[in-house]
Amino acid sequence: MIKITFKDGSIREFEKGISVLDVATKLSEGLARISLGALVNGELSDLRKQLTEDSKLTILTFDDDEGKDVFWHSSSHVLAQAIKRLYPNVKLAIGPAITNGFYYDIDVEGSFTEGDIAKLEAEMQKIVKEELNIEYFELSRTDAIKLMEERNEPYKVELISDLPEDVVISFYKQGEFVDLCAGPHVMNTKIIKAIKILNVAGAYWRGSEKNKMLTRIYATSFPKKSLLDEYIVMLEEAKRRDHKKIGRELNLFTFHPEAPGACFWHPRGLILWQQLENFWREMHKSYGYTEVQTPGLAKKILWETSGHWDHYQDDMYHFDADEGETLCLKPMDCPFDILIYNTTQHSYKDLPVRFNELGRIFRNEKSGQLNGLFRVRQITQDDAHIMCTEEQVLEEISSIIKMQQMFYKTFDLKISYFLSTRPDDYLGEIEVWDKAEDDLRNALKLNGITEYGIKDKDGAFYGPKIDVQAKDALGRTWQLATIQLDFQLPGRFNMNYTDKSGEKKTPVMIHRAVFGSFERFIGIITEQFEGAFPTWLSPVQVKVLPISDKFNDYAKTIVEKLINNNVRAEFDARAEKIGFKIREAQLEKTPYMLVVGENEQTTATVSVRKRGEGDIGVLPIDEFLKNILAEIKDKK
RNA sequence: GCCGACGUGGCUCAAUUGGCAGAGCAGCUGACUUGUAAUCAGCAGGUUAUCGGUUCAACUCCGAUCGUCGGCUCCA
């Protein structure tokens, strides 16, 4: 008999030799999927051959996300089993599959050391070798609780007690180990060939900092050793790209213990920053924005009015100034842009008003959550606030989506969308929120974005938002751009405009960011490009390298010509061998090196060496200049 | 903030597990005048993150603080 685990967790037995089509016809709706473990030793290809277009039966393999989920989820059971064998007193919490592996949360006295990790890995390998079948069974609520109480698993008891009335309470068993689980799973532990425990961290029970902190063991596993090796290489690659490392090596930026959560921009890093800032400014001009700049320090009253004080005062920097007045370093720009808006009267004809601001804001991020440029306390936000009529909302959001798409394309970052809905601590009326959420949904639809995730209750307290995530070269995702619809602050600040009939109306406000923050964005592209920035962004675009100092005068005329044409060129006049100068320029990731000596001087040319390509031949200097200027203009 | 790990010249890393803090790169000085990823020689550089403790003796063990990293929580 072949046992097959289906997506709903059920297991059915079929006679060996049964065809996939026969299985499919024996199932009522054809919604089932065969999980990995059903397929061993050639059965997979046999089954595949028998699949037809009509058959709704699909095979899960490690190549698809769902198959990975099942595989890793089963691996997490193996991990839990190993833990219980070595440390019987440990209490199990939960152990799901995640993006690149799985974890198990456990309640353990004391802490895990490296030695424990090695022992755990070995025990997991042993369980795999035992080739344990993974079997499904169901229990009534009472029996389920009884079983988990007997096994001294209070967290499981809590989980069972909280399950909804109508749900089937299912378990999976492998050898002596039993775990509460909805499944599905692989059929046998034997297919989990390669396992690695990655790290140990703390995590709160049920994700709440009010609860006990458990120990979370992260691991990953693969059906082949070679896949694990590839994954480890990828992790090392990520480490090599670390922006803090590259920032220091390329002399772009550094961090200092004297100013935790803040970045020091060196001359070269600031050039990079300024190129991005220029791009930001051009982009906003062409989309009809006008730039503003507002104070960094202001009275508390402003945030009391906005509601931020109630929600975020613990995360704001504030102090008592003279006359008992509390001053705050601004944690966001919104109220300031509103003050500017309110200084003049607005006609419906003037709307939308679009203010963009490169605001330096301050947030007291908890020490444990600082992380290089990704999370800083002094943040440069590419903020903008759009005040418009309700009728204009869709068009404005569409325009923002287009701008964001154009922007991310420039950096080869793939983006995906999420809709974040009303949180529990919202301001305002539910009907208004529903409308706002509808507006955002429509805007996504209107722009052909049909695939997007939902982040339930993840909106800002004043409105729902569209969050944009970008994926980098290593497949990591980052929260960057955002579009937030706000029907609350305009009312709180008595913003208005006069409509066609002469009546005063409250505008709608859209908050949005494209970069997210300059710091985070530069951190991400530093890793994305591994420091080899495209020419338009490179702090030094060209290095001119004379063969010997006999050609310094000629080299100097070339450098001057480039600089006069706004190309960022440097002159390496040191008395070093050409190979040494090239090596250094290459390590600095300079896009172009121009080697000049006898030949070039007599023919008024340069010998061009391109980053990543090597020597690409000799060009007249004017032609090189023309080419590089075009490349810079096209942001290549 | 919570859990865990870590902190040695500017950088990358040693120091035989408690017994004289050392090397490469970078820097400086001098020589070499060079054709597509490292020329040679010499010099200098340290209160081992900080503070305290244990010990005849501490980079090493213990405690506290600061910082960093991996997570959790948070992210207007």
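**View 1. The protein surface around RNA strand B.** In this predicted model, 55 residues lie around RNA strand B, and Gly202, Lys366, Ser367, Gly368 and Gly597 come nearest (near means a C-beta atom, placed from the backbone, within 6 Å). Sorted by class, this surface has 21 nonpolar, 19 polar and 15 charged residues; Ala, Val, Leu, Ile, Met, Phe, Trp, Tyr, Cys and Pro count as nonpolar, Asp, Glu, Lys and Arg as charged, and the others, Gly among them, as polar. Helix H18 (578–587) gives the largest share, seven residues.

**View 2. Helix H17, residues 552–564.** Ala555, Ile558, Val559 and Leu562 are buried. They sit on the same side of H17, because they cover an arc of only 100° around the axis, taken from the directions from the helix axis to the C-beta atoms. Over on the other side, Asp553 and Asn564 are exposed. Buried means 20 or more other C-beta atoms within 10 Å, exposed 12 or fewer, partly exposed in between, with C-beta atoms placed from the backbone.

**View 3. Ile301 in helix H10.** Ile301 belongs to H10 (residues 301–306). With 13 other C-beta atoms within 10 Å, Ile301 is partly exposed.

Residues are numbered from 1 along each chain as its sequence is written, and chains are lettered from A and ligands numbered from 1 in the order written. Local features need pLDDT of at least 70 and side-chain atom pairs 80 or more, while totals for chains, interfaces and linings use all residues.

Technical notes:
Helix = DSSP H or I, 4+ residues; strand = E, 2+ residues; numbered from the N terminus. Expected span 1.5 Å × (residues − 1).
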